[in-house]
Amino acid sequence: MTANTRVFGLMGHNAGTRTAFVSFRGTRDLDWLRDLDFEPEAYAPIAGFGQVHAGFQATYQLVRTSVAANLAAACAGCDQILLTGHSLGAALAVLAAPDIFRNMPPNTLEPRLVTFAGPRVGLSDFVTSFNTAIESCFRVVNFLDIVPHVPPAPYTHVGAEIAVDSGGPIDLAWRHDLAAYRDGLTAWIAAHP
């Protein structure tokens with residue numbers, strides 16, 4: 001998936017598990033400037049679905065056409081689809097899920113989400129619509145990572161939180177880093193066999 005030749009993610013499938021995947025990357029370069037545009041606006045892909053963060057939606061619109069054009073091929077022979085992302089990529093995965101389920105062929109696979117370090121994406125009307133439409137959504141949140149706490153209310157989270165603790169330094173950059181999330185999730189899995 002590209003926009004202006006900058007890669008925003010990866011799509012494909014695992015034939016062994018019959019799982020398609022769409023993975024969105026986190027913030028890079030000047031993407032963070034879009035994160036600041038936190039005025040709410042209507043979720044564009046589905047009328048009446050609720051209000052979402054305007055900046056995140058603008059970024060999703062950059063990659064939406066590419067996702068739609070390649071999703072059917074990625075899902076060929078698959079029984080499930082997984083959406084994932086880190087930071088900004090987590091926000092994009094949340095915005096993509098209902099759009100993929102309702103608007104993009106094959107339209108028969110309800111996306112499952114596992115996101116990391118995701119910010120709040122929508123207002124309560126969007127969250128209610130999302131949680132009704134998408135039953136499997138898990139947000140992995142590392143202890144002391146500030147990104148999952150922005151933007152402020154009235155924005156709120158979708159899905160269920162999995163709280164992890166990466167350990168290591170009390171450093172905001174480390175706590176948000178994808179490697180810290182790997183360490184925290186590895187420890188969480190070991191403690192929850």
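This is a predicted model: local features need pLDDT of at least 70, side-chain atom pairs count only at pLDDT 80 or more; totals for chains, interfaces and linings use all residues.
Q: OK. Which residues of α6 are buried?
A: Ala180, Tyr181, Gly184 and Leu185. They cover an arc of only 125° around the axis, so they sit on the same side of α6. The arc is taken from the directions from the helix axis to the C-beta atoms.

Q: What covers them?
A: The cover includes β8 (112-116), β9, β10 and α5 (172-176). Contact means heavy atoms within 4.5 Å. Helices (H or I, at least four residues) and strands (E, at least two) are DSSP runs, numbered from the N terminus.

Q: And which exposed residues are on the face turned away?
A: Arg182, Thr186 and Ala190.

Q: How does the span of α6 compare with what it should be?
A: It agrees. Helix α6 (residues 178-191) has 14 residues and should span 20 Å at 1.5 Å a residue; its end C-alpha atoms are 20 Å apart. The expected span is 1.5 Å times one less than the number of residues.

Q: Switching to the surface. Which residues make the nonpolar patch?
A: Phe143, Leu144 and Ile170, with about 320 Å². Patch residues have over 30% relative accessible area and no salt bridge; like charges are joined within 9 Å, nonpolar side chains (Val, Leu, Ile, Met, Phe, Trp, Tyr) within 5 Å. A salt bridge is a side-chain nitrogen of Lys or Arg within 4 Å of a carboxyl oxygen of Asp or Glu. Areas come from the Shrake-Rupley method with a 1.4 Å probe; for residues, only the protein chains shown count as cover.

Q: Where is Phe143?
A: In the loop between β9 (137-142) and β10 (160-164). Phe143 is partly exposed, at 46% relative accessible area.

Q: What about the backbone at Leu144?
A: Leu144 has a positive phi of about 75°, although it is not a glycine. Leu144 is in the loop between β9 and β10.

Q: Where are the cis peptide bonds?
A: One joins Pro105 and Pro106, with omega about 15°. Another joins Val150 and Pro151, with omega about -10°. Pro106 lies in the loop between α3 (88-103) and β8.

Methods: Residues are numbered from 1 along each chain as its sequence is written. Side-chain values use heavy atoms; hydrogens and water are left out. Buried means under 20% relative accessible area, exposed over 50%, partly exposed in between (1.4 Å probe, protein chains only).
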